[in-house]
Amino acid sequence: MTRRRRALLLLGLAVVLGALAAGDVSRRERALRAAVGPSVPVVVAGRDLPAGRQVDVAALAVRRVPARYAPADRIASPDEVAGLRPRVAVPAGRDVTLPVLDTGGGPQLRPGERVADLVATGDPKLVQPGTRVDLLVTRDGGGEGGATRLALEDAEVLRAESAPDDPTGETQGRRVAVGLRVTVKQAVYLAAAQNFASELRILPRGPGDERRGADGTVARSTLEGLG
């Protein structure tokens with residue numbers, strides 16, 4: 001075989017292998033798109049959005065994400081946000097969703113959701129509409145000793161305002177009246193907790209903290225149960 005024929009053979013082989021590789025990549029891309037589904041637009045903050053200041057469309061951006069990963073209360077177009085005011089500061093890059101914005105109307109609830117109103121120990125400056133919180137419920141156990149339970153994780157605050165101090169003096173610290181986005185089952189539990197618990201305490205979560213898994217953690221008055 002001459003050098004020229006060898007070169008042509010190698011070139012043809014390279015073309016065939018390249019076509020096979022391209023076809024494999026194409027098949028993988030199609031499979032990935034089929035697995036994650038179509039993409040949808042999601043409005044995000046292009047730069048930090050201060051709380052209480054009207055949103056400028058120029059401060060927004062749009063990114064496309066698979067529909068299954070998009071927020072249920074997403075906003076698809078920056079025009080839907082123009083002129084509204086964030087209830088809390090929205091860092092650059094974060095999704096801009098309806099609950100974060102003061103639309104002048106009531107909260108947007110999804111099927112199966114309820115608003116649970118309660119008064120709990122907490123800092124009104126940190127517990128604001130649009131923030132996420134955890135909720136501790138402490139119950140007296142009589143002769144068996146009391147227990148504190150992490151009843152809710154990563155619950156969304158829909159409304160919040162300062163509440164008067166406990167007139168009975170049984171709880172110490174500032175109190176806040178809140179409306180939380182919850183399920184029906186959680187709403188029933190919280191209604192009972194307000195009647196029978198000795199204290200409800202709200203713990204604000206840091207921005208972007210979406211970790212879960214501690215729901216149901218219980219510590220008794222002896223601190224038994226904490227690992």
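The structure holds 13 salt bridges, a salt bridge being a side-chain nitrogen of Lys or Arg within 4 Å of a carboxyl oxygen of Asp or Glu. The model is predicted: local features need pLDDT of at least 70, side-chain atom pairs count only at pLDDT 80 or more, and totals for chains, interfaces and linings use all residues. Residues are numbered from 1 along each chain as its sequence is written, and side-chain values use heavy atoms, with hydrogens and water left out.

**Salt bridges**

Side chains of opposite charge can pair when their charged atoms come close.

| Pair | N to O distance |
|---|---|
| D95 and R63 | 2.7 Å |
| R174 and D123 | 3.1 Å |
| R181 and E156 | 2.8 Å |

In the pair formed by D95 and R63, D95 lies in the loop between β3 (85-86) and β4 (101-102) and R63 in strand β2 (residues 60-66), so parts that are 32 residues apart in sequence are tied together. Helices (H or I, at least four residues) and strands (E, at least two) are DSSP runs, numbered from the N terminus. D95 is partly exposed, with a relative accessible area of 24%, and R63 is likewise partly exposed, at 38%. Here buried means under 20% relative accessible area, exposed over 50%, and partly exposed in between (1.4 Å probe, protein chains only).

R174 forms a salt bridge with D123. R174 belongs to the loop between β7 and β8 and D123 to the loop between β5 and β6, so this pair links parts that are 51 residues apart in sequence. R174 is partly exposed, with a relative accessible area of 48%.

The side chains of R181 and E156 also meet in a salt bridge. R181 lies in strand β8 and E156 in strand β7, so the pair ties together parts that are 25 residues apart in sequence. R181 is buried at 9% relative accessible area, and E156 counts as buried at 6%. Salt bridges that share partners join both residues into one network, whose members include E113, R132, D134 and D154.

**Strands and their pairing**

The secondary structure comes to 2 helices and 10 strands, in the order α-β-β-β-β-β-β-β-β-α-β-β from the N terminus. Two strands pair if DSSP finds at least two bridges between them. β7 pairs in the antiparallel sense with β6 over 7 bridges, and V133 stands opposite A155 in β7. β7 and β8 are also antiparallel, again over 7 bridges; V157 has L180 in β8 as its bridge partner. A further 3 bridges join β7 to the antiparallel strand β10 (residues 218-220), where A219 is the partner of T148.

**Nonpolar cores**

A nonpolar core is a set of buried Ala, Val, Leu, Ile, Met, Phe, Trp, Tyr and Cys residues joined through side-chain atoms within 4.5 Å. The largest one has 20 residues, of which L118, L135, L180, L200 and I202 touch the most other members. Elements that each supply at least two of its residues include β5 (113-121), β6 (132-139), α2 (184-196) and β9 (199-204). Apart from this core lies another, of 14 residues, among them I75, V81, V90 and L101.

**The chain as a whole**

Buried residues make up 30% of the 227 residues. Counting contacts (heavy atoms within 4.5 Å) with a separation of 6 or more, 69% are between residues 24 or more positions apart.
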